Amino acid sequence: FVPAGGDLQAALNSAHPGDTIIVQAGATFSTSGSFLVPSGVTVQSSASLPTGRLNPATQGGSLAKLISTGGYPVIDTVAGGHDINLIGLDISTNGLRYTPDLVELGYQARTRAEMLAQRHFLIDRCFIHPAEVTATNLFPSVVERSSGRGIGIAASEVTVSNSYIAGFAGTYPANDANAGQNIDSYGIYSP
């Protein structure tokens, strides 16, 4: 169990295949890089979420919030990563630096064997969004976005279910070299 103020990356570093890391619902876990999730691990909110599609407006408080502050994906997987489950998480950034992908599955692979191993990912009842979109403001009036895509996938057998992935259409923020240009945005992208 990782309580509010706890070290999520330390828990991930010590996790073994088959482990479930329960993170405190309603708490925010920040990283200046990415939370690197090892193979065979589940990261899950401590709250019991109802079945069916997530409604951030009514269920946002039941999620554990993971944010990146440095322009890197919030969640990344190890090279050759597989059998990873993300359940009941609010995934975003603090909005200060542009982040191309909020979640990257399989982007660390460097060899053919690692690429072939990347399979069996589950994202269930997660809220994945740029910082400009929140559980209380799902349709902001600003067009600048601090994130380009929700999930970048370079893996097979990926299931995204009952999740709310939104808000990626817009323009690059004023502090980015591409300021004002349209973002080539997707909720889910696979090269």
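Guide: Two strands pair if DSSP finds at least two bridges between them. Strands (E, at least two residues) and helices (H or I, at least four) are DSSP runs, numbered from the N terminus. What we have here is a predicted model, where local features need pLDDT of at least 70, side-chain atom pairs count only at pLDDT 80 or more, and totals for chains, interfaces and linings use all residues. Residues are numbered from 1 along each chain as its sequence is written, and side-chain values use heavy atoms, with hydrogens and water left out.

Visitor: Okay, which strands form the open sheet, and in what order?

Guide: Five of them, in the order β2-β5-β8-β11-β14, with parallel pairing.

Visitor: What makes β2 and β14 edge strands?

Guide: β2 (28-31) and β14 each pair on one side only.

Visitor: And how do you know that β5 pairs with β8?

Guide: Count the bridges! Five of them join β5 (residues 64-68) to β8, and the two run parallel. The rule asks for at least two. Along that pairing, Ala-64 stands opposite Leu-89 in β8.

Visitor: Why is the pair of Tyr-98 and Tyr-172 called tilted?

Guide: Rings of Phe, Tyr and Trp (its six-membered ring) pair if their centres lie within 6.5 Å; planes under 30 degrees apart are stacked, over 60 edge-to-face, and the rest tilted. By this rule there are two aromatic pairs. Tyr-98 and Tyr-172 have ring centres 4.9 Å apart and planes at 50°, so that pair is tilted. Tyr-98 sits in the loop between β8 (89-93) and β9 (99-105), and Tyr-172 in the loop between β14 (164-165) and β15 (186-189), so the pair ties together parts 74 residues apart in sequence.

Visitor: What makes Tyr-98 count as buried?

Guide: Buried means under 20% relative accessible area, with exposed over 50% and partly exposed in between (1.4 Å probe, protein chains only). Tyr-98 comes out at 16%, so it counts as buried. Tyr-172 has 15%, so it is buried too.

Visitor: Why is the pair of Phe-127 and Tyr-164 called edge-to-face?

Guide: Their ring centres are 5.7 Å apart and their planes stand at 75°, so this pair is edge-to-face. It links Phe-127 in strand β11 (residues 127-128) with Tyr-164 in strand β14, 37 residues apart.

Visitor: How do you know that Asp-124 makes a polar contact with Ser-161?

Guide: A polar contact is a pair of N or O atoms within 3.5 Å; within protein, one must be able to donate a hydrogen and the other to accept it, and residues adjacent in sequence count only if both atoms are side-chain atoms. The side chains of Asp-124 and Ser-161 make theirs at 3.0 Å. Asp-124 has a relative accessible area of 10%, so it is buried.
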